[in-house]
Amino acid sequence: GECDGFVDPWRFRLDMVHASIRQLAKEGQGLRSEVEDFVCASPESAIIYDFLAFRNCNKQRNRNVLTEETVLCAPLRVSRGWDAPKDVGVRVVGLKSQPPSEDPMAMVRAWLTSFAKDVRSRAEAGGGVAALVVLHSAGVELNSFGVPAAFFAHAPDPPITEVVILVAGPQGFGSEAALGGLERALLGEVEGPEAPPRAGCHEGPFRIFVPTANANVALGDVFLAVDREQLLPFLEDLRLVGPQVYADWAEDLRGALLGFGACPLSLQQRLECLDELEEALERADAPEDVAPQKARAALETAVAEGLLPSKRPWRVRVATECCDPADVLRALELSRASAASEAPHPLQERWRLFAECLADLQCKRAEIAEPNAPNDVRLALLRVAPKHLPGGASAKLRDHFPEALWQLPCRDALRLLQSASRHEAGSFSNFTQWVERVVAQTLEGKTAPRMPKRRRLEPRPPSTPPPGTEGRAPRPASEPGGRAEEAAARPRSGKPRRDGEGHRAVGEGHAAPPWSSPVGSAAGGIRK
């Protein structure tokens with residue numbers, strides 16, 4: 001070889017070290033910025049590559065290609081004292097015990113514990129935790145199904161910010177006992193009845209499946225998941241539900257995808273299935289509906305407790321009627337938190353701050369087209385039965401509004417009014433009574449009755465035969481002059497008759513309103 005070069009890289013399998021470090025580089029970027037240290041440990045010594053300092057050194061020396069000389073000569077030169085560790089970003093630590101110990105890995109485990117303590121300190125300084133990952137042939141498959149997000153751990157607190165990846169050398173980890181000793185060392189666990197808490201990694205060990213024993217291939221496979229932003233969400237899920245539960249979940253999801261892909265459905269049918277799944281997920285993720293009556297009671301309680309002034313400004317009254325009642329409760333929670341802070345706002349300013357907070361929450365819901373505010377319920381009622389108000393004035397709606405509607409969430413109240421708008425209405429008082437009965441059934445947990453569908457009444461034969469037809473047998477409808485032809489020749493006007501107390505009698509093409517009679521009221525309502 002050349003002078004000061006590197007020869008026989010296969011000795012002590014240093015060629016595997018070189019191949020592994022090359023796997024931790026990106027095309028055109030050099031070594032990965034997300035990797036801080038690369039450590040090689042053996043019973044003789046440990047080599048620590050500080051990637052930031054090592055990358056800067058290579059840049060200064062114009063060594064952009066990670067050749068064997070660049071990667072493997074650095075620790076040799078440091079061990080002989082030719083280069084300073086700080087200058088090249090590589091340290092070499094001797095681990096050979098004197099006198100020789102019966103357990104050659106004892107010094108390795110002790111040094112790994114001190115290394116894990118430094119990782120733990122960095123994680124805690126950043127407000128997170130450190131996790132230990134072991135690349136193993138019997139681990140959980142790293143399969144996020146192409147989704148760069150967690151399935152279960154949506155808001156980890158504190159999150160995983162540091163990861164220690166343990167990968168075996170060419171000969172593997174050896175026995176399970178040897179691997180267990182390395183895992184306990186990196187976790188900082190000390191055996192014994194009065195063992196102190198962990199001093200190393202907070203979480204783990206998480207064993208991840210790799211299909212090969214080659215360290216460089218295993219590291220390349222894991223860091224492909226890092227590029228796809230799937231490794232940390234996967235680890236957060238393992239941390240929350242456990243490896244076995246996650247493995248079972250992944251197997252079930254894989255079977256569902258396989259069945260969906262192999263079933264004999266057309267493209268349109270598959271798209272419809274996906275649309276139904278998306279709608280179900282949206283309903284499950286939707287916030288809990290809040291009845292306006294609950295939001296008003298919460299505001300009254302806040303005023304009684306002295307959290308808010310007794311006089312409510314006009315702006316606040318309008319805002320609370322135009323917003324989702326759930327937003328009113330959220331704004332009230334923020335107001336409570338602000339009042340409990342070390343520097344609370346003056347009492348006379350709190351209604352203004354409450355209105356500003358409510359406006360911010362309403363802006364976040366601006367993209368939601370579905371109405372869900374008390375004013376929307378009032379407008380829907382005006383469309384259903386404005387002419388039944390006394391005097392016909394819609395401005396008097398406040399005095400005659402069915403108060404039972406405020407006990408339902410706005411969405412349910414809108415559905416009820418929408419179902420009622422498809423039918424001819426009776427008097428407003430009977431309509432109000434019907435609303436109260438439906439609301440009572442809904443609050444009791446019973447299934448609300450459905451509104452009857454419109455149906456066209458078939459023409460009925462006259463009760464007395466026409467003059468001159470006594471004693472004749474009726475002609476079949478299919479013959480000329482039959483009953484169907486006579487009915488067509490004498491069409492009904494279809495004009496409704498007034499019958500009794502403002503009710504519209506049933507005519508052709510009209511169905512009786514559900515609130516017009518006790519029988520009808522039991523058949524009307526909404527579906528939950």
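Predicted model: local features only at pLDDT ≥ 70, side-chain atom pairs only at ≥ 80, totals over all residues.
**Whole protein.** The protein has 528 residues, of which 35% count as buried. Its secondary structure comes to 20 helices and 10 strands. With a surface displayed, the accessible area is about 32000 Å², and 53% of that area belongs to carbon and sulfur atoms. Among contacts with a separation of 6 or more, 73% are made by residues 24 or more positions apart.

**The nonpolar cores.** Next, select Ile 21, Phe 38, Tyr 49 and Leu 235. These residues touch the most other members of the largest nonpolar core, which holds 42 residues. Centre the view on Tyr 49 and show what surrounds it. Leaving aside residues up to four places away in sequence, Tyr 49 touches Ile 21, Phe 38, Phe 54, Val 71, Leu 72, Pro 75 and Val 90, among others; Glu 36, Asp 37 and Gly 89 are also in its list of contacts. Then select Leu 95, Trp 111, Phe 115 and Leu 166, which are included in a second, separate core of 23 residues. In soluble globular proteins, nonpolar side chains tend to be buried together.

**Helix 5 and helix 6.** Select residues 106-125 for helix 5 and residues 176-187 for helix 6. Their axes come within 7 Å and cross at roughly 35°, and the crossing is right-handed. Show side chains at the contact: Arg 109, Leu 112, Thr 113 and Ala 116 of helix 5 meet Gly 181, Leu 182, Ala 185 and Leu 186 of helix 6. By class, this contact has 5 nonpolar, 2 polar and 1 charged residues.

**Cis peptide bonds.** Most residues other than glycine have a negative phi, and most peptide bonds are trans. Against that background, select Asp 157 and Pro 158, whose connecting peptide bond is cis, with omega near -5°. Pro 158 lies in the loop between strand 6 (129-136) and strand 7 (160-166). Move on to Gly 204 and Pro 205, also joined by a cis peptide bond, with omega about 0°. Pro 205 is found in strand 8 (residues 203-209).

**Positive phi.** Return to the loop between strand 6 and strand 7 and select Phe 145. This residue is not a glycine, yet its phi is positive, at about 55°. Phe 145 counts as partly exposed, with 23% relative accessibility. Finish at Glu 229, in the loop between helix 7 (215-227) and helix 8 (231-241). Glu 229 has a positive phi of about 60° and is exposed, with a relative accessible area of 56%.

How values were computed: Residues numbered from 1 in each chain as written. Heavy atoms only, no water. Axes fitted to C-alpha atoms, helices over the stretch in contact; angles between N-to-C directions. Helix = DSSP H or I, 4+ residues; strand = E, 2+ residues; numbered from the N terminus. Left-handed = near helix turned anticlockwise from the far one by under 90°. Contact = heavy atoms within 4.5 Å. Nonpolar A, V, L, I, M, F, W, Y, C, P; charged D, E, K, R; others polar. Buried < 20%, exposed > 50% of the residue type's maximum accessible area, 1.4 Å probe, protein only. Areas by Shrake-Rupley, 256 points an atom, 1.4 Å probe, with all protein chains shown as cover. Core = buried A, V, L, I, M, F, W, Y, C linked by side-chain atoms within 4.5 Å.
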